[in-house]
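This report describes a protein model together with its ligands. Please view the sequence and the structure below before reading on.

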Amino acid sequence: MAPVVSGFSKLSKDEKINWLVKHHFNNDKNTIDIIKTYWNSDEKLQQLHDEFTENTISNYYLPFSVAPNFLINNKRFTIPMAIEESSVVAAASKAAKFWQSRGGFNAQVLSTTKVGQVHFTFSGDIEKLNIFFKNIKSDLISSASHITKNMEKRGGGIIDIELRDKSLEIENYYQLHCTFSTVDAMGANFINSCLEQFADFLTKAAAAYIKFSESEKTIEIIMSILSNYVPECLVRASVSCAIDDLPSKDNLTPLQYAQKFVRAVQIAEIEPYRAVTHNKGIMNGIDAVVLATGNDFRAIEAGAHAYASKDGKYTSLTEAKIENNIFHFSIQLPLALGTVGGLTTLHPLVKLALNLLGSPDAKKLMEITAVAGLAQNFAAINSLITTGIQQGHMKMHLMNILNQFQATNEEKQKLVEHFKTNTVTHSEVVLQIEKLRN
Ligand SMILES: CC(C)(COP(=O)([O-])OP(=O)([O-])OC[C@H]1O[C@@H](n2cnc3c(N)ncnc32)[C@H](O)[C@@H]1OP(=O)([O-])[O-])[C@@H](O)C(=O)NCCC(=O)NCCSC(=O)C[C@@](C)(O)CC(=O)[O-]
Ligand SMILES: NC(=O)C1=CN([C@@H]2O[C@H](COP(=O)(O)OP(=O)(O)OC[C@H]3O[C@@H](n4cnc5c(N)ncnc54)[C@H](O)[C@@H]3O)[C@@H](O)[C@H]2O)C=CC1
């Protein structure tokens with residue numbers, strides 16, 4: 001067991017690596033080589049990456065891929081995707097290609113409101129607290145004017161602050177429920193700065209409010225933090241086409257295909273076990289764009305899954321229906337994305353990704369990202385209701401299995417050729433490698 005270490009954060013990068021290798025890898029030189037192999041030879045670039053987080057010892061690569069042929073609101077995009085899982089990029093590309101000849105994707109942002117809350121306790125007369133809040137509300141808002149000044153010039157800022165009584169759920173618990181527009185920033189730091197200012201103002205104003213008793217004057221701030229649940233920061237994307245323009249595959253007529261597709265989505269609507277996997281497939285596309293564009297995928301994941309359960313039961317983020325011989329497929333979800341702030345202007349590949357998308361504003365990025373999620377879900381369901389998921393997925397995963405067995409280029413070539421007409425399973429690939437080698 002490694003010893004407790006104090007002051008680890010203060011060590012240099014080399015000292016941290018030496019500590020790690022001494023206490024966890026028995027001074028294995030190969031471990032140091034692996035860590036250093038991933039360093040960038042450009043020292044300035046490496047330093048930039050080192051400084052993104054703390055205790056950085058190396059870089060962790062993810063493939064940076066692109067999916068072409070996305071027609072979104074009549075404009076063509078090649079979408080950057082950073083993801084480790086095989087077949088996701090291929091699936092997105094396949095769906096993009098399919099829909100680009102059927103009118104493409106429509107997408108629109110429905111709302112962009114972000115939320116933050118000051119959680120506090122107050123013990124005393126609720127009516128007095130309400131009157132106090134009404135009296136101080138405009139000063140509370142203007143107390144943050146030094147923080148909001150520039151955001152207001154961009155068209156954003158504080159939208160509103162409400163006092164919410166939660167004392168039936170937790171004794172003496174109240175909130176300042178605050179809404180914001182953060183324009184092209186995800187806004188976490190902006191919102192948190194405003195909230196901490198509100199908390200400070202609230203405490204001081206309460207202490208000075210002459211109508212409060214001594215105990216009422218001591219409001220206790222529990223915490224001030226933005227919410228990643230943003231059901232009013234919504235985007236919708238959709239596709240539609242005549243039933244006859246759908247594939248006729250695996251003995252399915254286009255109508256049967258559409259009906260089976262709609263049924264698959266309905267199952268995800270009513271069955272949480274299926275809905276979670278269905279939405280995981282959607283997030284394959286969304287997370288990949290979120291990561292490539294330097295956004296916070298944890299925030300997006302948390303918000304999307306909370307939205308999927310907003311009516312009390314976890315359900316599908318997409319909907320499918322047939323109406324008047326037209327097949328409709330759509331997604332609606334919250335996406336609090338930024339095209340400024342965070343890593344967006346720091347990471348060279350993120351900058352490249354945003355340039356590739358034509359330097360979108362946050363709303364445009366919300367539309368593109370929602371489309372990637374819809375495309376991904378379309379491709380997955382298309383496979384699930386026809387060939388099954390394994391055929392296409394394992395075709396893409398083949399290279400990973402071959403690499404696990406350190407296949408040479410020649411072996412890879414032979415086996416890729418072999419599996420063009422044979423089903424890929426892990427055991428079958430192993431068998432074929434063994435056959436080649438014996
Ligand atoms: C994998 C495919 C696309 C193969 O599909 P296919 O029909 O065998 O592909 P194809 O070789 O006929 O090529 C058609 C197009 O697909 C794309 N494509 C095809 N191959 C590549 C490639 N190597 N690199 C880049 N793009 C590729 C590309 O757009 C290509 O057009 P082209 O470029 O030739 O003009 C298909 O089977 C598919 O869409 N499968 C779904 C895969 C999927 O959803 N993967 C996610 C991982 S599984 C999971 O995590 C979630 C899940 C599935 O459980 C969610 C759920 O349950 O809902
Ligand atoms: N719970 C959460 O999700 C939390 C997330 N974070 C992190 O915060 C970061 C995002 O915070 P941000 O405040 O967005 O980034 P940020 O702190 O880099 O600020 C972005 C700033 O850019 C400026 N700006 C310039 N042009 C703008 C425009 N057109 N529109 C809007 N602002 C513009 C504004 O001053 C804005 O405040 C992410 O890295 C995220 O991971 C931090 C705390 C909590």
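## Confidence and conventions

The protein has a mean pLDDT of 96, and 100% of its residues reach 70 or more; pLDDT is the predictor's confidence in each residue, from 0 to 100. For the complex, the predictor gives an ipTM of 0.95 and a pTM of 0.95. Where pLDDT is low, predicted coordinates should not be read in detail.

This is a predicted model, in which local features need pLDDT of at least 70, side-chain atom pairs count only at pLDDT 80 or more, and totals for chains, interfaces and linings use all residues. Residues are numbered from 1 along each chain as its sequence is written, while chains are lettered from A and ligands numbered from 1 in the order in which they are written.

## The first helix and the first hairpin

Helices (H or I, at least four residues) and strands (E, at least two) are DSSP runs, numbered from the N terminus. Helix H1 (residues 13-24) has 12 residues and reaches 16 Å from its first C-alpha to its last, close to the 16 Å expected at 1.5 Å a residue; the expected span is 1.5 Å times one less than the number of residues. Just after H1, asparagine 26 takes a positive phi of about 55°.

Strands E1 (residues 64-72) and E2 (residues 75-82) run antiparallel and are joined by seven bridges; two strands pair if DSSP finds at least two bridges between them. Phenylalanine 64 stands opposite alanine 82 in E2. The hairpin of E1 and E2 has two residues between the strands, and in this hairpin asparagine 73 takes a positive phi near 45°.

## The sheet E5-E6-E4-E7

Strands of a sheet pair through backbone hydrogen bonds, either parallel or antiparallel. An open sheet of four strands has the order E5-E6-E4-E7, with antiparallel pairing. Its edge strands, E5 (157-165) and E7 (220-227), each pair on one side only. Neighbouring strands of this sheet are turned by 15° against each other on average, direction ignored; axes are lines fitted to C-alpha atoms, for helices over the stretch in contact, and angles run from 0 to 180 degrees between N-to-C directions.

Eight bridges pair E5 with strand E6 (residues 173-181) in the antiparallel sense, and arginine 164 stands opposite glutamine 175 in E6. Helix H7 (residues 188-208) packs on the sheet, touching strand E4 (114-121), E5, E6 and E7, and its direction makes about 160° with that of E7. Contact here requires C-beta atoms, placed from the backbone, within 7 Å.

## The sheet E3-E8-E10-E9

Four strands in the order E3-E8-E10-E9 form an open sheet with antiparallel pairing. Strand E3 (106-109) and strand E9 (318-323) are at the edges with a single partner strand each, so one side of each is left without a neighbour in the sheet. The twist averages 15° from one strand to the next.

## The two ligands

A residue is near a ligand if its C-beta atom, placed from the backbone, lies within 6 Å of it. Around ligand 1 there are 22 residues, of which Ala91, Ser93, Lys94, Gly281 and Gly392 come nearest. Helix H4 gives the most to this shell, with seven residues.

Ligand 2 is surrounded by 20 residues, the closest being Val183, Ala188, Asn189, Gly341 and Gly342. H7 gives the most to the shell around ligand 2, with four residues.

How values were computed:
Contact = placed C-beta atoms within 7 Å.
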